[in-house]
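Trainee: Could you take a close look at one part of this model, the packing of neighbouring helices, and go through it pair by pair?

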Amino acid sequence: MNAFTVRASAWGALFDCAMKFEGEHLLGMRKASGLRAALGTAVHASTAANDQARLDGNPLTPDDTAGVLIDALHNPTQDVDYRDDDLTVRDAERIGLALHTRYCLDIAPQFEYTAVEMKLAPFEIDCGGGTVVRLTGSMDRARVAQREDGIAIPDLKTGRAIIQNGKVNTKGKAAQLGTYQLLYENTTGEQTVGGQIIGLPTTGKANPMVSPLFDARRVMLGTDGQRGLIEYAAEMFRSGLFPPNPQSVLCSPKFCARWKTCMFHE
Ligand code: SF4
């Protein structure tokens, strides 16, 4: 049997540039991230600390968990190239603390979370021909929220362009969210009603915002008349063909570990 184990949090990247995904998640190619990515990681850590405390019945103030952000920025667990971005560590602290506070005061109270970065039961996709993909890990950066109409999966996304024209940019986010919806259902046996993106902009004057609820699960499973992304993924793993996408917004030496050896980019 040909078995692949992939982190659930990496699955969405397969549908951006599959060749990049293969390099980074199947062949183990690595690249240091820039300071802006480290800022995103630090905001995720501090907001998760805020939400977990609330979930545990010991709510904390934004100031109480701000130290998590500073610590994550100064002691990153991944390699960070500090020359690789247009901001300083001091800028990153300032932007990160403002985002953290806005999230804790304005965004988190809108939700009734039931889990933060929930651990997921393994989910196997039979690709045919003896090839199996096993998705494992946790709902990295996402939460589980109880709404009046059912369970939703809000996923925190940071970035320069996450808010566009006064709205959360949900383009290309359905594969990851749909995966989390499916894996949550596989883990708990409970249905979900959809996913949401919590947009935390790391630049400009835009404020953090929450997208409307949308059913990302359908994109993974398909409909009666259309194949879902799982079928396309199975074909890639079965054939071993992971196509390049030089039009990806992440197709750059800054973001792609395969850049130096890939002939498809300009
Ligand atoms: S350089 Fe561009 S096309 Fe090539 S693997 Fe990376 S993202 Fe894909």
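Mentor: Start with α2 and helix α4 (residues 89–107): their axes come within 9 Å and cross at roughly 35°. An axis here is a line fitted to C-alpha atoms over the stretch in contact, and the angle, from 0 to 180 degrees, is taken between N-to-C directions. Helices are DSSP runs of H or I of at least four residues, numbered from the N terminus. This is a predicted model, in which local features need pLDDT of at least 70 and side-chain atom pairs count only at pLDDT 80 or more, while totals for chains, interfaces and linings use all residues. Residues are numbered from 1 along each chain as its sequence is written, and side-chain values use heavy atoms, with hydrogens and water left out.

The α2/α4 crossing is right-handed, a term for a near helix turned clockwise from the far one by less than a right angle, with anticlockwise being left-handed. Contact means heavy atoms within 4.5 Å. On the α2 side the contact is made by L35, L39, V43, S46, T47, N50 and D51, and on the α4 side by V89, A92, I95, G96, L99, H100, Y103 and C104. These divide into nine nonpolar, five polar and one charged. Ala, Val, Leu, Ile, Met, Phe, Trp, Tyr, Cys and Pro count as nonpolar, Asp, Glu, Lys and Arg as charged, and the others, Gly among them, as polar.

Next, helix α2 (residues 35–55) also packs on helix α3 (residues 62–74), where the axes come within 8 Å and cross at roughly 150°. That angle makes α2 roughly antiparallel to α3; the label applies over 145 degrees, with under 35 roughly parallel, 65 to 115 roughly perpendicular and the rest oblique. This crossing, too, is right-handed. From α2, the residues L35, A38, L39, A42, V43, A45, S46, A49 and N50 meet T65, V68, L69, A72 and L73 of α3. The α2/α3 contact has 11 nonpolar, three polar and no charged residues.

The remaining pair is α3 and α4, packed at about 145° with axes 10 Å apart. Their crossing is right-handed. From α3 come P62, T65, A66, L69, I70, L73 and H74, and from α4 come V89, A92, E93, G96, L97, H100, T101, C104 and L105. By class, the α3/α4 contact has 10 nonpolar, five polar and one charged.

Conventions
Helices (H or I, at least four residues) and strands (E, at least two) are DSSP runs, numbered from the N terminus.
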